[in-house]
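Please open the structure in a viewer and keep the selection panel at hand.

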Amino acid sequence: ATVCLDSPKIYNRGLEKRLISSTIELFVNRLDSVESVLPYEYTAFDFCSEKTMERPSENLGQVLFGERIEPSPYKFEFKKPVVCGKVCMRTYSTNNPSDKAKLDFLKKGMLLNYQHHWIVDNMPVTWCYDVEDGQKFCNPGFPIGCFVTEAGRSKDACISNFNEKDAFYIFNHVDITIYYHIVEHEQLGARLVAAKIEPKSYENPNDDKPDCSGGPKFLKNKHTGEFKITYTYSVNFAEDKKIRWASRWDYILESMPHTNIQWFSIMNSLVIVLFLSGMVAMIMLRTLHKDIARYNQMDSVEDAQEEFGWKLVHGDVFRPPKKGMLLSVFLGSGTQIFIMTFVTLFFACLGFLSPANRGALMTCAVVLWVLLGTPAGYVAARLYKSFGGEKWKTNVLLTAFLCPGVVFADFFVMNLILWGEGSSAAMPFGTLVAILALWFCISVPLTFIGAYFGFKKTGIEYPVRTNQIPRQIPEQSFYTKPFPGIIMGGILPFGCIFIQLFFILNSIWSHQMYYMFGFLFLVFIILVITCSEATILLCYFHLCAEDYHWQWRSFLTSGFTAVYFLVYAIHYFFSKLQITGLASIILYYGYTMIMVLIFFLFTGTIGFFACFWFVTKIYSVVKVD
């Protein structure tokens, strides 16, 4: 069960009003669609709205994901059923340009299958329907309406009696059932455990006094003149003795597709990892053990002259890499991302960032990233000093601004597109300023502090001295050339994560809830192990082939997993999504590039440090003259 951090509200009718609420408020969130990346606010579609009440405050994560929660005119009294209550009426005239624009926008919403997301007592209002194999699927959203084409083909949301061709059917009525659970130890009232909805469409012959009768309400595509929509609702209350308040989200999460694939994918990944670890351990321990024993037994000068394998390059293995500045900056940012991911996933596993805590995951990640400037500055400075670099000011500035700057620039361009399209995901100017303030006023000074301590410390002590003259690298075979190794290195880590990747992309682009953080944390650990092992293995082969340029190669070997991630994201776009419209396509790839860059720095850093540890370890146990 998911741990929910919202406290239970008690409802009752007619008893002490001081303790207990009898009014149930319904809140509306932004509308989104699987066919478009652009979410829109509820008010953008000209539905019935509540002007008087204040909006609930949103956290940073909600704003970043475009969530806009607003009060609605739908208000219910606990245990007081309503049949066909009128909410409001909207009248449009196609001769009025403003009305025509509103109607066209409503049509566009139905054409792209935009979905409402309503909230009662911090629970999503769900639309449950039967899918194949007699299973029930509970969708935390329901459509505005549906479109029937000229050929008579209808979209998913359409019900069988919608047979008017080239018409838009509007769901202008909702049947809401609110389920409650009587609290035994508090004999005063009840807690709400579920809210389910059934969208319907009624013509209503008399719009002023609707009776929820007549055929479905439709709007012909080429309609001219006046058009009225009356919005109505019915509400019922039912007691549910089985669902407890603490596990009230479970019915939604259990109906989510593919939960059972998770165990299979984890077992699959674990088998790969165990197999890999066994191989690595066998090769490493046996071969290395033999190598080290043999190298340490060489007493005679003749033997020493016939050195071979990785011991030959002991005088060059710690030679500073080319472009050491860039590598140290990447490793600083990668360390920041690694710690941020680890802590965020750890908190998510403990249940602090459940779906009931809207936007908590993103808020937690951003705040952690800002506070982790110190390790980034420290790692970058310490490594840069070890690489023999002296331009420390440039190093500090690049660590503070290069990678965050690229992410922010991409994000800013995406925000401009969202703003131009009038989407609710466009970040308000104030939030943008707040994020810049977090970056410049907290993250950057912390990076400087970290770098100060990194430069103050002495450089990393290497177990062997570096020769004055660089050693000639012999002609390499195809397999030990840099590029084939880098390409091979990314395959295994990607193989371990790609099933999880499918669920994560689904939760971002297909608006499905993601709550399996336990699985994700396990996959995170598996990814770290696989990246480390694959890089160490390839690093060993390259050193045996007398190629001592391991620093950049180890970073790129595991970092190449991000390229496979990009390829998978492109495949996912064409095979799973029905996204249309240029703005949506640009946004999809823009946001994907941010994820790819973060993933590249994250995996590359794991590879580098694994290889660094390995090289230091093996050269420290060998006697070098």
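The stops below cover the nonpolar cores and then the salt bridges.

This is a predicted model, in which local features need pLDDT of at least 70 and side-chain atom pairs count only at pLDDT 80 or more, while totals for chains, interfaces and linings use all residues. Residues are numbered from 1 along each chain as its sequence is written, and side-chain values use heavy atoms, with hydrogens and water left out.

Select Phe76, Trp118, Trp310, Val615 and Tyr619: these have the most contacts inside the largest nonpolar core, which has 161 residues. A nonpolar core is a set of buried Ala, Val, Leu, Ile, Met, Phe, Trp, Tyr and Cys residues joined through side-chain atoms within 4.5 Å; buried means under 20% relative accessible area, exposed over 50%, and partly exposed in between (1.4 Å probe, protein chains only). Next, select residues 582–620, helix 15, which gives the most to this core, with 16 residues. Helices are DSSP runs (H or I, at least four residues), as are strands (E, at least two), numbered from the N terminus.

Then turn to the salt bridges (a side-chain nitrogen of Lys or Arg within 4 Å of a carboxyl oxygen of Asp or Glu); the structure holds 13. Select Lys220 and Glu164, whose side chains meet at 3.2 Å, N to O. Lys220 lies in strand 16 and Glu164 in the loop between strand 12 and strand 13, so the pair ties together parts 56 residues apart in sequence.

Finally, select Asp316 and Arg319, a salt bridge with its closest N and O atoms 2.6 Å apart; both residues are buried.
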